[in-house]
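Visitor: I would like to learn how to read a model like this one. Please show it and start with a single residue.

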Amino acid sequence: MLRLEFPESLLTGHAEVDRQHRILFDAADRVLAVREASRDTVIPAIRFLLSYVHYHFRAEEALMDAIGYDRAEHHRRQHTMLREAVEQVKEAVLAGEDMDRIAARLHVLFLDGYVFHIRNVDAPLAAAARAKGKEGEDALPPSRVLVQAGWLSSEHEGVDLPRPPDASNKP
Ligand SMILES: [Fe+2]
Ligand SMILES: [Fe+2]
């Protein structure tokens with residue numbers, strides 16, 4: 001089975017941005033890993049992926065605001081499209097779509113859409129943030145802060161925290 005591994009060529013040099021991108025790819029890979037176990041294990045995996053997408057995009061958008069980024073509008077538009085695409089995958093899972101098709105959707109979305117976005121849209125943002133000294137752990141605000149600011153729905157609060165081991169979520 002084709003899995004999704006974070007391509008090292010996608011590293012932006014911004015440690016926090018890169019850390020979150022690895023989590024995104026790991027979360028998508030987990031959906032592929034558990035898909036043969038049962039639909040019950042796939043649903044929490046796709047929900048986590050979608051939540052993390054919501055969080056990560058909002059965190060980057062907060063970073064863009066913080067540095068007064070001039071390409072923020074274009075960047076936000078791509079986030080909206082990519083988020084909608086993951087929403088559609090989740091809906092397909094919930095609708096009972098064949099898991100091979102779900103896997104194909106995720107491959108196309110990550111190896112095409114996300115790779116393009118990270119390489120061409122996130123990398124310049126990461127460089128601009130580094131140039132302004134915004135590259136520490138606080139460069140991307142935690143979900144708690146984004147929820148308090150009204151940027152992120154409370155249903156996604158805590159998605160950025162380390163998850164406790166969950167046997168039902170294992171491949
Ligand atoms: Fe982005
Ligand atoms: Fe990103």
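Guide: Gly13 counts as exposed, because 11 C-beta neighbours lie inside 10 Å. The rule is that a residue is buried if 20 or more other C-beta atoms lie within 10 Å of its own, exposed if 12 or fewer, and partly exposed in between, with C-beta atoms placed from the backbone. This is a predicted model, in which local features need pLDDT of at least 70 and side-chain atom pairs count only at pLDDT 80 or more, while totals for chains, interfaces and linings use all residues. Residues are numbered from 1 along each chain as its sequence is written, and chains are lettered from A and ligands numbered from 1 in the order in which they are written.

Visitor: Where does Gly13 lie, and which residues does Gly13 touch, not counting those up to four places away in sequence?

Guide: Two residues are in contact if their C-beta atoms, placed from the backbone, lie within 7 Å. Gly13 lies in the segment before helix 1 and, leaving out residues up to four places away in sequence, touches Ala126 and Arg130. Gly13 and Ile118 are 105 residues apart in sequence, with 12 Å between their C-alpha atoms.

Visitor: How many helices and strands does the chain have?

Guide: Helices (H or I, at least four residues) and strands (E, at least two) are DSSP runs, numbered from the N terminus. Here there are 5 helices and 0 strands. The radius of gyration is 16 Å, close to the 16 Å that the globule rule gives for 171 residues, so the chain is as compact as a globular protein of that length. That radius is taken over C-alpha atoms, and the globule rule is 2.2 Å times the number of residues to the power 0.38.

Visitor: How do the axes of helix 1 and helix 4 cross?

Guide: Axes are lines fitted to C-alpha atoms, for helices over the stretch in contact, and angles run from 0 to 180 degrees between N-to-C directions. Angles under 35 degrees count as roughly parallel, over 145 as roughly antiparallel, 65 to 115 as roughly perpendicular and the rest as oblique. These two axes come within 11 Å and cross at roughly 175°. That makes helix 1 roughly antiparallel to helix 4. Among the residues making the contact are Phe25 and Ala28 of helix 1 and Leu106 and Phe110 of helix 4.

Visitor: Which residues have the most contacts inside the largest nonpolar core?

Guide: A nonpolar core is a set of buried Ala, Val, Leu, Ile, Met, Phe, Trp, Tyr and Cys residues joined through C-beta atoms within 7 Å. The largest one has 36 residues, and Ala28, Val31, Ile46, Leu49, Tyr52 and Leu106 have the most contacts inside it. Helix 2 gives the largest share of this core, 10 residues. Apart from neighbours within four places in sequence, Ala28 is in contact with Leu4, Leu49, Leu106 and Phe110.

Visitor: Is Val93 buried or exposed?

Guide: Val93 is buried, with 21 other C-beta atoms within 10 Å. Val93 sits in helix 3 and touches Val42, Ile43, Ile46 and Ile102, again not counting residues up to four places away in sequence.

Visitor: What about His117?

Guide: His117, in helix 4, is partly exposed, with 19 other C-beta atoms within 10 Å. Not counting residues up to four places away in sequence, His117 touches Gln78, Leu82 and Asp122.
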